[in-house]
Amino acid sequence: MAHRRHSVSRSSRGRSASNSRKHVSQNGSQSRSRSESPKPQKKRKKDQSLPGEESSISIVSQVTLPFIIAGFGMVGAGMVLDIVQHWTVFTQVKEIFILVPALLGLKGNLEMTLASRLSTQANLGHMDSRKELLKMVGGNLSLIQAQAIVVGFLSSLTAMVLGWIPKGDFNIQHGLLLCASSVFTAALASLILGSIMVLVVLLSRYFKINPDNVATPIAASLGDLVTLSILAWVGNLLYEAIGQQVWLAPTIIVVFALLLPLWVVICIRNKYTNDVIYSGWVPVLSAMMISSLGGLILDFTVANYDGIAVFQPVINGVGGNLAAVHASRISTSLHQKGRPGGPVRDAHLKGCLNIFKVFFGSGVHSKAARVLTLLVIPGHLLFSFTIFYLRAGHTSSSLLFQCFYLSAALLQVVLLIYIATWLVPLIWVKGSDPDNVAIPYLTAIGDLLGTAFLAVAFHFLFLLGDRDADVSE
């Protein structure tokens, strides 16, 4: 009996020692995991720029200035379009108007998507290593070059199909002009704007500003102006070369066609762009087609209403800009709580998202939706009065004009923000990264809605007797 009690006590001591070792081992592993994992969490606590921690005042303070700067950039783009619409190349090769929304939409397809991707990586603390930063930047700039060349080429083909098939007309010189102008504009504008986006995200991170609030508006501010200026310049240059330097347009096309494989190989070998170079084409090309439909509307309305040209980049740019900010913020919030393909772990994004929940809910995304929507009326008033003050455009300011114009702009933004609020979580649940998918669709839909609503507004103004020929006459 004594021996059995002794053995029992020994075995119980063994079990307790074994349990204590397991406990120590578990505690040790937990302590090691805690010592290894909290660094990004500590950064998140200290970083007050994350979307989940922002108040309405913080959102307003960070979004307003870039929004106004972006708006004036769009006003500049509108004034450029208002001037160049009378150039010979635009009057003789009218299909170039179909290119305009598709090429301006590239800022949504490429640069604003790049800004959204880099903003997410910055907020997650993945851009703190210089080596990784260089890989990320190099891969992403190569990616947008490859996408720009392909989209530029396909945009020109779409413009030819939509412009020439209904007429039964085809001009090979005009076709080469459209293709070379589109590819050259897309590639050069994307290189300039992509480099600026990298700089903006890095500076935002340095100054503790949420890049989701800043990067996409700045992309919008410069995108339209840079793209339109390059398109008008190279289009005019190639038009003057017709009949004299017939080799110029084909040479431009061949050079960029030879560069395309180089950019693709770089993307395939880069871990940050390897997935996107395979999976990122559907949203980009779909957005191009949607924007081209907006270009078809623009081609028709410019021929009937001269005044629409100066306002088209403004209304489309503002709508796409605000929707992109909203989508980028939601995407960052989802990335902070999981991985694409997983459940949506944000209670404010679950369930049936009726329009009242989107704009009048209590969550941070509803706060952002209200702030972004409230910027529409004062922003467009500022931009439209600037246009009239500079005596640009082919219409004059009136109460009737402002009512129709502001109604079109407000309806466009409300629809875009509502679409963004359910589209981004849907893309997330389906397993795709919203940073790569959502913004191209949103900006393209914004181009289509903005151009269509603006055309309807001008048509109603015409029917009601507001038929100013030119504000300067």
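Author: A helix here is a DSSP run of H or I with at least four residues, and helices are numbered from the N terminus. The model is predicted.

Reader: Which percentage of the contacts in the protein with a separation of 6 or more comes from residues 24 or more positions apart?
Author: Of the 473 residues, 53% are buried. Among contacts with a separation of 6 or more, the share from residues 24 or more positions apart is 84%.

Reader: Which residues does UniProt list for "transmembrane region"?
Author: The list comes from an unreviewed UniProt entry.

Reader: What is the helix percentage over residues 371-392?
Author: Over residues 371-392 the end C-alpha atoms are 30 Å apart and strand is 0%. The helix content of residues 371-392 is 82%.

Reader: Are α8 and α10 parallel, antiparallel, perpendicular or oblique to each other?
Author: The axes of α8 (residues 172-206) and α10 (residues 248-268) come within 9 Å and cross at roughly 45°. Angles under 35 degrees count as roughly parallel and 65 to 115 as roughly perpendicular. The pair α8 and α10 is therefore oblique.

Reader: Is the crossing of α8 and α10 left-handed or right-handed, and how many nonpolar residues are in the contact?
Author: The crossing of α8 and α10 is left-handed. On the α8 side, L176, C179, A180, V183, F184 and A187 take part, and they meet A249, P250, I252, I253 and F256 of α10. The contact has no polar and no charged residues, and its nonpolar count is 11.

Reader: How is α13 oriented relative to α16?
Author: Helix α13 (residues 308-335) and helix α16 (residues 376-389) have axes that come within 11 Å and cross at roughly 155°. An angle over 145 degrees counts as roughly antiparallel. The orientation of α13 to α16 is therefore roughly antiparallel.

Reader: How many polar residues does the contact of α13 with α16 have?
Author: Helix α13 passes α16 in a right-handed crossing. The residues that meet are V310, F311, V314, I315, V318 and L322 of α13 and V376, H380, F383, S384, I387 and F388 of α16. By class, 10 are nonpolar and none is charged, while the polar count is 2.

Reader: How many charged residues are in the contact of α12 with α18?
Author: The axes of α12 (residues 281-304) and α18 (residues 434-463) are 8 Å apart at an angle of about 10°, so α12 and α18 are roughly parallel. Contact residues include S286, I290 and L298 of α12 and Y441, D447 and A455 of α18. The contact has 15 nonpolar and 6 polar residues, and the charged count is 1.

Reader: Why does I98 count as buried?
Author: I98 is found in helix α5. Beyond its neighbours within four places in sequence, I98 contacts A159, L162, G163, S292, G295, L296 and D299. Buried means under 20% relative accessible area. I98 counts as buried because its relative accessibility is 1%.

Reader: How far apart in space are the C-alpha atoms of I98 and D299?
Author: D299 is one of the residues in contact with I98. The two are 201 residues apart in sequence, yet their C-alpha separation is 6.1 Å.

Reader: What separation do the C-alpha atoms of R329 and S119 have?
Author: R329 is in helix α13, and at 1% relative accessibility R329 is buried. R329 and S119 are 210 residues apart along the chain, with a C-alpha separation of 9.0 Å.

Reader: Is K94 buried, exposed or partly exposed?
Author: K94 sits in the loop between α4 (88-92) and α5 (96-104). Its C-alpha atom is 9.9 Å from that of H174, 80 residues away along the chain. With a relative accessible area of 36%, K94 is partly exposed.

Reader: Near what value is phi of K208?
Author: K208 lies in the loop between α8 and α9 (211-241). At 62% relative accessibility, K208 counts as exposed. K208 is a residue other than glycine with a positive phi, near 60°.

Notes
Residues numbered from 1 in each chain as written. Predicted model: local features only at pLDDT ≥ 70, side-chain atom pairs only at ≥ 80, totals over all residues. Heavy atoms only, no water. UniProt positions renumbered as here; feature names shortened; annotations may be inferred. Helix = DSSP H or I, 4+ residues; strand = E, 2+ residues; numbered from the N terminus. Axes fitted to C-alpha atoms, helices over the stretch in contact; angles between N-to-C directions. Left-handed = near helix turned anticlockwise from the far one by under 90°. Contact = heavy atoms within 4.5 Å. Nonpolar A, V, L, I, M, F, W, Y, C, P; charged D, E, K, R; others polar. Buried < 20%, exposed > 50% of the residue type's maximum accessible area, 1.4 Å probe, protein only.
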